[in-house]
Amino acid sequence: MILDVQIFMKACGHEPSHKLISLYHDLVREEVGELEEAMAAFNASETEAEEVAAKAEALDAICDSIWVLIGLAKTMDLPLEAGWDAVASTNLKKIDPVLGTVRRDENGKIMKPDRWVPPDMVRLIKERNEQRKANELSSAQEAGGN
Ligand SMILES: [Mg+2]
């Protein structure tokens with residue numbers, strides 16, 4: 001999914017900029033708005049045909065939302081893959097290794113395991129910034145003939 005969006009962005013000549021970030025942010029709001037409409041239609045559907053139409057609208061809105069969210073993350077130079085892996089890892093740790101299912105408290109809320117730590121997004125952003133600075137430095141050195 002991420003690569004598809006990157007190929008498209010490259011073909012569009014999309015380079016990170018504040019203008020492009022703003023554009024993708026607008027697109028995210030638009031697509032999530034379309035999802036709201038699709039969900040309203042789904043909740044109001046009374047016939048199978050209405051439900052099929054609403055689900056098709058929801059699928060379209062979800063895919064478009066994912067697309068522009070990836071675009072927003074890439075435009076902001078966020079380490080999306082690393083962020084996703086961190087979220088997936090911390091969520092999957094909520095699966096009890098013995099039961100093979102999540103454990104819930106008396107209110108039905110999924111319980112976090114002992115010593116559970118949330119994803120460290122600040123660390124990921126700092127690492128991405130360091131990586132970018134190192135890349136910029138090596139590009140500058142290559143351009144300088146060193
Ligand atoms: Mg759409």
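A residue is buried if 20 or more other C-beta atoms lie within 10 Å of its own, exposed if 12 or fewer, and partly exposed in between, with C-beta atoms placed from the backbone. C63 is exposed, because 12 other C-beta atoms lie within 10 Å. This cysteine sits in helix α3 (residues 48–75). Its C-alpha atom is separated by 9.0 Å from that of E31, 32 residues apart along the chain.

This is a predicted model: local features need pLDDT of at least 70, side-chain atom pairs count only at pLDDT 80 or more, and totals for chains, interfaces and linings use all residues. Numbering runs from 1 along each chain as its sequence is written.

The chain has 5 helices and 0 strands (DSSP runs numbered from the N terminus: helices are H or I, at least four residues; strands are E, at least two). The radius of gyration is 21 Å, well over the 15 Å that the globule rule gives for 146 residues, so the chain is more spread out than a compact globule. That radius is taken over C-alpha atoms, and the rule is 2.2 Å times the number of residues to the power 0.38.

| Chain property | Value |
|---|---|
| C-alpha box along the principal axes | roughly 70 × 40 × 20 Å |
| Buried share of the 146 residues | 7% |

An automatic or database assignment sets the domain bounds. Domain 1 covers 1–77 and domain 2 covers 79–146. Their centres, over C-alpha atoms, are 23 Å apart. In contact are 5 residues of domain 1 and 4 residues of domain 2 (contact: C-beta atoms, placed from the backbone, within 7 Å). Helix α3 gives the largest share of the domain 1 side, 3 residues.

Definitions and conventions
Contact = placed C-beta atoms within 7 Å.
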